[in-house]
Amino acid sequence: MWEMPDKDLHATGLFHAFETAFKNPKSLAEFVDTVMIQDGSYIAVFIRRGHGAMLRLLDNPNLGKLLHLARDRILFTLTIYHGPAAFLAADTGNSCVYKR
């Protein structure tokens, strides 16, 4: 992975500690409806690079719920490259977390 800071032992150690989870992601719907509601230990939402943010996430209702939860809980929201396109998922018609 070109974006992995190979010389940062803390970053690579963290990656290797969670590598199995990274390679086997769980359902976003399940996460939003159960884990995110019950667990207050999260500090941020990170939407990574790639065309998936533009093609599969921009109208994803579960991502919209997640972004609204993040706003309500005052969590950091970070994106890179194509990731900001996913912010469109937060537009529910009644309210949008991110104004255009």
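Lysine 23 comes out as exposed, at 59% relative accessibility; here exposed means over 50% relative accessible area, buried under 20% and partly exposed in between, with a 1.4 Å probe and protein chains only. The model is a predicted one, so to speak of a local feature takes a pLDDT of at least 70 and side-chain atom pairs count only at pLDDT 80 or more, while totals for chains, interfaces and linings use all residues. Residues are numbered from 1 along each chain as its sequence is written, and side-chain values use heavy atoms, with hydrogens and water left out.

Back to lysine 23: its side chain meets that of glutamate 19 in a salt bridge, 3.2 Å from N to O. The term covers a side-chain nitrogen of Lys or Arg within 4 Å of a carboxyl oxygen of Asp or Glu. The two residues sit four apart in helix 2 (residues 19-23), which means that about one helical turn separates them. Helices here are DSSP runs of H or I with at least four residues, strands are runs of E with at least two, and both are numbered from the N terminus. Glutamate 19 is partly exposed at 23% relative accessibility.

Searching the whole structure turns up three salt bridges. Another of them joins the side chains of lysine 65 and aspartate 33, at 3.4 Å from N to O. That pair ties together distant parts of the chain, with lysine 65 in helix 5 and aspartate 33 in helix 3, 32 residues apart. Both ends are partly exposed: lysine 65 has a relative accessible area of 39%, and aspartate 33 has 44%. Arginine 71 and aspartate 72 also meet through their side chains in a salt bridge, 3.0 Å from N to O. Arginine 71 is partly exposed at 38% relative accessibility, whereas aspartate 72 is exposed at 52%.

Next, the nonpolar interior. A nonpolar core is taken as a set of buried Ala, Val, Leu, Ile, Met, Phe, Trp, Tyr and Cys residues joined through side-chain atoms within 4.5 Å. The largest one has 14 residues, and those with the most contacts inside it are Met36, Val45, Ile47, Leu63, Leu66 and Leu67. Helix 3 (28-38), strand 1 (44-47) and helix 5 (61-72) are the elements that give it two or more residues. Helix 5 supplies the largest share, five residues.

Helix 5 itself has twelve residues and reaches 16 Å from its first C-alpha to its last, close to the 16 Å expected at 1.5 Å a residue; the expected span is 1.5 Å times one less than the number of residues. Its buried residues are Asn62, Leu63, Gly64, Leu66, Leu67, His68, Leu69 and Ala70. What covers them includes helix 3, strand 1 and strand 2 (76-79). Just after the helix, isoleucine 74 takes a positive phi of about 55°.

At the other end, asparagine 60 lies in the loop between helix 4 (52-55) and helix 5. Asparagine 60 is buried, with a relative accessible area of 18%. At the start of helix 5, a side-chain oxygen of asparagine 60 comes to within 2.8 Å of the backbone nitrogen of asparagine 62. Leaving out residues up to four places away in sequence, asparagine 60 touches Leu28 and Ala89, where contact means heavy atoms within 4.5 Å.

As for the aromatics, there are three aromatic pairs in the structure. Rings of Phe, Tyr and Trp (its six-membered ring) pair if their centres lie within 6.5 Å; planes under 30 degrees apart count as stacked, over 60 as edge-to-face and the rest as tilted. Phenylalanine 15 and phenylalanine 22 are stacked, at 5.5 Å centre to centre and 20° between the planes. Phenylalanine 31 and tyrosine 42 are edge-to-face, at 5.4 Å centre to centre and 90° between the planes. This pair links distant parts of the chain, phenylalanine 31 in helix 3 and tyrosine 42 in the loop between helix 3 and strand 1, eleven residues apart. Phenylalanine 31 is partly exposed at 22%, and tyrosine 42 is partly exposed at 33%.

Phe15, Phe18 and Phe22 make up one aromatic cluster. Phenylalanine 15 belongs to helix 1 (residues 9-17) and is buried at 18% relative accessibility. Threonine 12, in helix 1, is buried at 15%. Beyond its neighbours within four places in sequence, threonine 12 contacts Met4, Pro5 and Asp6.

Note on methods
A polar contact is a pair of N or O atoms within 3.5 Å; within protein, one must be able to donate a hydrogen and the other to accept it, and residues adjacent in sequence count only if both atoms are side-chain atoms.
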